[in-house]
Amino acid sequence: MKRIVFSLTAAALFTLLPSLRGNAQELKSAYFLDDYVYKYELNPAMHDAKNTMMFIGFGLNDIGINAQTNLGVNNFLFPMDGQLLLFLNDKVPRETFLAGIPEVGAKLNVDFSLSLLSFGFKVGKNAFLSFDTRLRSAVNLGMSKDFLAQIKPLEISDRKGTHYEFQSMNAETKAYLEQAISASFEVAKNLRLGFTLKGLFGLAAAKVHADNLKVDFIEDEVAKASANTEMYLATTLLAFPKTADGYDFEHPGFGKVGISGYGGAVDLGISWESDFGLDLSAAVLDLGAMMWNKNLYGQNVIKDQIMEGKNVTDYVNQVFAVQDAPMRNVGMLTTTVNACARYHMPFYKGLSVGLQGTYAIQTNRYDVRAGLTISPARWFSLTANYGWTDYGGTFGAAMNLRPGPFTFFVGAETCFYKFMPQGLPIGPLNTTAKLGVLISVKTKKS
């Protein structure tokens, strides 16, 4: 008999398999760059219509990753006896491990985005049009502190008298393709409006959630359990053999290539450049929704239920009451509001300072940062900034190079300030990175 309480963890890890990661938070530092081709991802009104005639890129042209957590490697690696020991090592006291875990538990968000193809071109004197195909995905994990306490020490037993209890565990992931059409145009002197229309095509989505779980083994391999649970899986890429009691989750096979969800969204933006050096902009991003076809779904409220089985499959079907009747679910996307102000110095236009803020409405995540930019030529722009987020302070830097018909950009934002003697960072992770190489044709110098 497998271990009943950690069948939940196994199910969580299993549901992450379909994900390719994605849906990355955009690099906020890019707001401060000059002549940056992809600034319209942050605000659709901010196409680089002044300096770009056209651009095209695929594969390596726009890659972004974002990772945020309230824990760091120092919560799992401990310097002892001149070496680093994993928290599971017997020499690391259980109390030492748990002392570093926040009372709210552990949180992890990982996003990734990959542009498969993008191109854009100037239309008329001031308008700009662009097309993008992107792969986006996201993974979110949450575990209560008492859940982590079950892992240390790693002595999972299914014998009579064993007791397990934790408050909550949640794992959620999604991956989808995004097809976007963006346009911006000048409606008055130095005032631009822009919009992006997005079609979303789901590849996979999954969720496992359990709270208020209690497990008592009343006999060897026979347990009495209580919990509130929910799970779903939406993908055609995996197929599961049917069993008498549900599905066999230990022997998945390949299903078929297909779409498991549909959705749409719109971005709206406005940008104004004054004649005295002040630039203002604001945007609303991902205003829309998505529907997923959940081919596996389960929701259950267990109260002192007797459970026994021979494998993980038996327990997953019992714990989640997995149904063979598919269902559809519509959910709103995480809508983001961006605002930015920059001032170009009157004594040198290539030097500017700025303030940028981002707020995600559904998740209450925020990012506010101040930046300094130097752009001595159209082919080079460099920025550095400091910000504050719901995960703490963060330093960011980005560079945009446009030699000849090519554009190369790279940037990162991170909160690492201290390091172990071994060179590993200490503290919560809050890092965004972005880079790309593409072909771009600049406009003629005015």
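**Buried charges and their partners**

Reader: Is arginine 134 buried or exposed?

Author: The model is a predicted one. The cut-off for a buried residue is under 20% relative accessible area. Arginine 134 has 5% relative accessibility, so this residue counts as buried.

Reader: Which residue forms a salt bridge with arginine 134?

Author: The closest N and O atoms of the pair are 2.4 Å apart. The partner lies in strand E7 and arginine 134 in strand E6 (residues 127–143), so the pair ties together parts that are 44 residues apart in sequence.

Reader: How many residues apart in sequence are the parts tied together by aspartate 286 and lysine 198?

Author: Aspartate 286 and lysine 198 form a salt bridge, with their closest N and O atoms 2.8 Å apart. Aspartate 286 belongs to strand E15 and lysine 198 to strand E8, so the pair ties together parts of the chain that are separated in sequence. Both aspartate 286 and lysine 198 are buried. The separation of the tied parts is 88 residues.

Reader: Which lysine forms a salt bridge with glutamate 103?

Author: Glutamate 103 is exposed, with a relative accessible area of 67%. The closest N and O atoms of the salt bridge are 2.9 Å apart. The lysine is in helix H3 and glutamate 103 is in the loop between H2 and E5, so the pair ties together parts that are 42 residues apart in sequence. The partner is lysine 145.

Reader: How many salt bridges does a search of the whole structure find?

Author: Some of the residues involved are linked in a network of salt bridges, among them Glu26, Asp132, Arg134, Glu178, Lys198, Asp286 and Lys434. The search of the whole structure finds a total of 19.

**Nonpolar cores and a surface patch**

Reader: How many residues does the largest nonpolar core have?

Author: The residues with the most contacts inside this core are Phe97, Leu148, Val215, Phe249, Leu296, Phe320 and Val322. Several elements supply at least two residues each, including helix H2 (94–99), helix H3 (145–149), strand E8 (191–219) and helix H4 (312–320). A second, separate core of 17 residues includes Ala30, Leu33, Leu42 and Ala398. The largest core has 38 residues.

Reader: How many of the 9 residues of H4 are buried?

Author: The buried residues of H4 are Val312, Thr313, Tyr315, Val316, Asn317, Val319 and Phe320. Just after H4, alanine 321 takes a positive phi of about 50°. H4 is mostly covered, and its count of buried residues is 7.

Reader: Which strand gives the largest share of the nonpolar patch?

Author: The nonpolar surface patch covers about 760 Å² and is made by Ile56, Phe58, Leu116, Leu117, Phe119, Phe121, Val123, Phe406 and Ile439. Leucine 117 is partly exposed, with a relative accessible area of 36%. The largest share is 5 residues, and these come from strand E5.

**Strand pairing around E15**

Reader: Over how many bridges do strands E14 and E15 pair?

Author: Strand E14 (residues 261–273) and strand E15 (residues 278–294) pair in the antiparallel sense. Glycine 261 stands opposite tryptophan 292 in E15. The hairpin has 4 residues between the strands, and glycine 277 takes a positive phi near 100° there.

Reader: What is the bridge partner of serine 281 in E19?

Author: E15 runs antiparallel to strand E19 (residues 336–344), with 8 bridges joining them. E15 is also joined to strand E18 (residues 327–332) by 6 bridges, again antiparallel. In the latter strand, arginine 328 stands opposite asparagine 293. In E19, the partner of serine 281 is cysteine 340.

Reader: How far apart in space are glycine 258 and alanine 377, C-alpha to C-alpha?

Author: Glycine 258 lies in the loop between strand E13 (253–254) and E14. Leaving aside neighbours within four places in sequence, glycine 258 is in contact with Gly202 and Thr236. Glycine 258 and alanine 377 are 119 residues apart in sequence, and their C-alpha distance is 47 Å.

Notes:
Residues are numbered from 1 along each chain as its sequence is written. This is a predicted model: local features need pLDDT of at least 70, side-chain atom pairs count only at pLDDT 80 or more; totals for chains, interfaces and linings use all residues. Side-chain values use heavy atoms; hydrogens and water are left out. Patches are made of residues with over 30% relative accessible area and no salt bridge: like charges are joined within 9 Å, nonpolar side chains (Val, Leu, Ile, Met, Phe, Trp, Tyr) within 5 Å. Accessible areas come from the Shrake-Rupley method with a 1.4 Å probe; for residues, only the protein chains shown count as cover. A salt bridge is a side-chain nitrogen of Lys or Arg within 4 Å of a carboxyl oxygen of Asp or Glu. Buried means under 20% relative accessible area, exposed over 50%, partly exposed in between (1.4 Å probe, protein chains only). A nonpolar core is a set of buried Ala, Val, Leu, Ile, Met, Phe, Trp, Tyr and Cys residues joined through side-chain atoms within 4.5 Å. Two strands pair if DSSP finds at least two bridges between them. Contact means heavy atoms within 4.5 Å.
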